[in-house]
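Please look through the model below with the packing of its helices and the surroundings of its ligand in mind.

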Amino acid sequence: MNSEENGIAVVGGGPAGMALALALHRHGQQAGIFDARARGAGLADQRILALSHGSRQTLEWLGAWEAIESTPIRTIHISQRGGLGRTLIRAEEIGVPALGYVLSAASLIAALDQAVARANIPYHEHSRIEDVRADNPQVSFRVGATLHQSALLAYAEGAIGTQAEANHRDYGQHALIFTATATTPHGGRAWERFTPDGPLALLPLAGNDGRDLAVVYTCDPEQATQLAALDEDTFLARLQAHFGSRLSFAAASPRHVFPLGLRYRKTIVGPRQVWLGNAAQTLHPVAGQGFNLALRDIRDLARSLGDADDPGKSGQLAAYAARRRMDRGSTIGFTDSLVRLFSNDHFLLQHLRGAGLLALDLLPPLRHFVARRMIWGARAW
Ligand SMILES: Cc1cc2nc3c(=O)[nH]c(=O)nc-3n(C[C@H](O)[C@H](O)[C@H](O)COP(=O)(O)OP(=O)(O)OC[C@H]3O[C@@H](n4cnc5c(N)ncnc54)[C@H](O)[C@@H]3O)c2cc1C
């Protein structure tokens with residue numbers, strides 16, 4: 001069997017893996033990416049992401065932002081169906097040019113891939129990592145017939161391995177992802193509407209004279225399958241009834257279904273190993289936090305490994321996990337609470353939610369706090 005030495009090996013060339021390799025490169029550490037699929041396979045990803053202003057700053061630092069096509073979110077309208085209370089958060093009151101940016105996962109992946117190529121970071125496609133052994137002073141793994149060794153293995157493989165390593169919660173919800181065209185321009189407004197079936201998020205997109213919106217429509221799995229199969233006119237009527245009268249819809253694209261749930265690793269570091277992105281935690285998209293949290297983790301990890309002689313040292317990895325505990329825990333908790341508090345039609349909870357939304361509307365400091373929390377994570381505290 002052949003044998004190869006690597007600095008830091010990154011498992012997975014999705015958005016998290018490529019962003020990590022770039023961040024390590026910026027801090028002077030050598031990293032190589034191994035992905036099981038062909039390079040560019042991720043360009044077929046249909047997801048539309050909302051990234052925060054803080055994530056934009058990180059992607060600028062990584063040299064990927066300029067190539068990304070994005071639409072700024074100027075205001076977010078939050079409401080609940082069938083209940084009182086609504087609030088409006090505006091970018092100018094937080095002092096940022098935009099509350100967030102809407103972009104396709106494909107455009108993010110393409111921009112990161114170009115930056116990886118410019119930085120001459122090795123990208124091994126068709127390279128599934130197997131047989132990992134964490135033996136000090138190196139971690140070894142096999143790719144095909146070649147045995148590799150590296151100081152640190154960073155998992156960004158997009159999924160959490162075994163049940164035993166993770167906590168999980170099934171919300172009984174799937175997401176329908178599609179583009180809807182409204183009859184009037186969105187003016188940079190995003191909508192978050194809570195319904196008993198699950199949240200409905202509409203994100204502004206460029207195109208069609210500013211009338212296109214990326215929609216994440218959450219409902220139970222059976223309903224998702226039925227809605228995905230409806231013809232456009234029947235589906236549009238269902239969407240209109242579900243959203244209400246604040247916007248009128250003229251068209252909807254075909255729908256893609258994603259199963260949703262919460263899964264998070266009990267620990268994000270191990271002997272000469274670290275887990276990032278969806279390999280560390282897979283969140284419900286209600287608050288659009290998954291990749292935003294991944295970028296905050298990546299930035300911290302890369303900074304801490306910048307001048308390390310041995311990037312796999314256990315004390316260093318443990319310190320990283322401890323520093324990230326608060327932001328990670330509160331982001332998971334915030335997302336989980338939103339789904340559970342808002343996805344039901346309990347009479348008392350409906351009134352409490354209405355009171356909460358009203359309080360957000362009447363109390364600017366509270367509103368600013370929530371917005372800053374979404375933009376910068378625990379740094380907002
Ligand atoms: C409907 C929906 C909406 C979302 N909206 C938002 C949002 O608005 N904002 C936000 O921040 N986040 C959002 N997210 C989350 C975001 O999409 C994820 O955080 C992000 O895509 C995860 O990227 P990743 O690189 O961790 O994983 P992936 O993109 O899954 O990449 C993993 C890569 O690892 C490779 N791989 C797997 N196993 C191996 C192996 N053994 N060896 C080698 N390679 C391997 C795969 O081929 C793949 O290329 C949303 C998610 C969903 C489902």
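A polar contact is a pair of N or O atoms within 3.5 Å; within protein, one atom must be able to donate a hydrogen and the other to accept it, and residues adjacent in sequence count only if both atoms are side-chain atoms. The model is predicted, so local features need pLDDT of at least 70 and side-chain atom pairs count only at pLDDT 80 or more, while totals for chains, interfaces and linings use all residues. Residues are numbered from 1 along each chain as its sequence is written, and side-chain values use heavy atoms, with hydrogens and water left out.

Begin at the ligand. A backbone N or O atom of alanine 50 lies 2.8 Å from an oxygen atom of the ligand. For asparagine 278, a backbone N or O atom is 2.9 Å from a ligand oxygen atom. Arginine 37 uses its side chain: an N or O atom there is 2.9 Å from an oxygen atom of the ligand. There are 30 residues around the ligand, and Ala16, Asp35, Arg37, Ala50 and Phe291 come nearest; a residue counts as near if one of its heavy atoms lies within 4 Å.

Now turn to the helices. Helices (H or I, at least four residues) are DSSP runs numbered from the N terminus. Axes are lines fitted to C-alpha atoms over the stretch in contact, and angles run from 0 to 180 degrees between N-to-C directions.

Helix 1 (residues 15-26) and helix 7 (residues 290-305) have axes that come within 9 Å and cross at roughly 25°. That makes helix 1 roughly parallel to helix 7, a term for angles under 35 degrees. The contact (heavy atoms within 4.5 Å) involves Pro15, Ala16, Ala19, Leu20, Ala23 and Leu24 of helix 1 and Phe291, Leu295, Ile298, Leu301, Ala302 and Leu305 of helix 7.

Helix 1 also meets helix 4 (residues 105-118), the axes coming within 10 Å and crossing at roughly 30°. Helix 1 and helix 4 are therefore roughly parallel. Pro15, Met18, Ala19 and Leu22 of helix 1 make this contact with Leu108, Ile109, Leu112, Asp113, Ala115 and Val116 of helix 4.

Helix 2 (residues 53-61) packs on helix 7 at about 50°, with the axes 10 Å apart.

Terms used:
Helix = DSSP H or I, 4+ residues; strand = E, 2+ residues; numbered from the N terminus. Parallel < 35°, antiparallel > 145°, perpendicular 65-115°, else oblique.
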